[in-house]
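Visitor: I would like to go through this structure with you. Could we take it piece by piece?

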Amino acid sequence: MNCLELQRKSDKLRLRLMQLIHDGKTGHTGGDLSVLNVLTVLYNRILRVDSSNPKMPSRDRFVLSKGHCAEALYCVLADKGFISEEELAAYGKYHAHLGGHPDVSIPGVEICSGALGHGLSVGVGMALAAKMSKADYKTFVVMGDGEQAEGSIYEAAMAANKYHLDNLVAIIDRNGLQISGSTEDVMPLENIHDRWTAFGWDVKQMNGDDINNIVDTMESIDYTCHQPHLLISHSTKGLGVSFMENVAKWHHGVPTEEQYQQAMRELKKEG
């Protein structure tokens, strides 16, 4: 897909995401909206995956370490044909297959995620396995910025550098907010760029609200540099909905009927 097609896809998925959360009466709305552009680009331009063969050995691996943003991933997986629209529509209902965090019973999902701080360690193992078996698949891990307070992330960062995992791409959804407020008030993260550079990673900044910049940044990665890669995706929590943007309480929240109608109007106008 070209960038215009990707933007239209993301706009469409944003509407489906809001409907999913409203109808299911559950969801981490703010982070879903901030990470959706990145997921759209990954699944429609970057990742080598096949919904007709979810476990093909040569597939690229994707780990949503911030597993609480499962709703965004489910919308993308349904759009790609990994799960049915009927299954997606059942989200939040009694005995639904899709839960509040991804699990491996769902086609296209590599690990049960949501225990924050675990995803990068698993991604390091996947990338190392590819190196050891001389396989050419790549591993991508999306983390939250609040998640950066977890110490296990930095153990994984050191290991990735030691084993020169240039087939590993970690992405931080840097929206600046977590469940209890600003990341810089809860546990200051800056300077993220210098910290990860010091760990031996190839670090790039990108605008997670801009499809063109996401594409340009992801396609500029040098997979022969003998360094693991970190993309700091500067994004807006609640992107596209005026009363949700940059508001910490929308880390998790279900819109009222009135809020839902307003959100849909704004998203349709934006699209």
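Guide: Helix α1 is followed by Lys25, whose phi is positive, near 60°. Helices (H or I, at least four residues) and strands (E, at least two) are DSSP runs, numbered from the N terminus. This is a predicted model, in which local features need pLDDT of at least 70 and side-chain atom pairs count only at pLDDT 80 or more, while totals for chains, interfaces and linings use all residues. Residues are numbered from 1 along each chain as its sequence is written, and side-chain values use heavy atoms, with hydrogens and water left out.

Visitor: How many residues does α1 have?

Guide: Helix α1 (residues 3-24) has 22 residues. From first C-alpha to last it reaches 31 Å, close to the 32 Å expected at 1.5 Å a residue; the expected span is 1.5 Å times one less than the number of residues.

Visitor: And which residue caps its N-terminal end?

Guide: Asn2 does, with a side-chain oxygen 3.1 Å from the backbone nitrogen of Leu4.

Visitor: Changing topic: what is the strand order in the open sheet?

Guide: The order is β1-β2-β3-β7-β6, five strands with parallel pairing. Two strands pair if DSSP finds at least two bridges between them.

Visitor: Which strands are at the edges?

Guide: Those are β1 (61-64) and β6 (202-207), each of which pairs on one side only.

Visitor: How many bridges join β2 to β3?

Guide: Six bridges join β2 (residues 139-144) to β3 (residues 168-174). One example is Val141, whose bridge partner in β3 is Ala170.

Visitor: Now the aromatics. How many pairs does a search of the whole structure find?

Guide: It finds seven aromatic pairs. Rings of Phe, Tyr and Trp (its six-membered ring) pair if their centres lie within 6.5 Å; planes under 30 degrees apart count as stacked, over 60 as edge-to-face and the rest as tilted. One of the pairs is Tyr154 with Trp196, whose centres are 6.0 Å apart and whose planes are at 50°, so the pair is tilted.

Visitor: Where do Tyr154 and Trp196 lie?

Guide: Tyr154 lies in helix α6 (residues 152-162) and Trp196 in helix α8 (residues 192-198), so the pair ties together parts that are 42 residues apart in sequence.

Visitor: Are these two buried or exposed?

Guide: Both Tyr154 and Trp196 are buried, meaning under 20% relative accessible area, whereas exposed is over 50% and partly exposed lies in between (1.4 Å probe, protein chains only).

Visitor: Which residues do ring pairs link into a cluster?

Guide: The cluster consists of Tyr154, Trp196, Phe199 and Trp201.

Technical notes:
A polar contact is a pair of N or O atoms within 3.5 Å; within protein, one must be able to donate a hydrogen and the other to accept it, and residues adjacent in sequence count only if both atoms are side-chain atoms.
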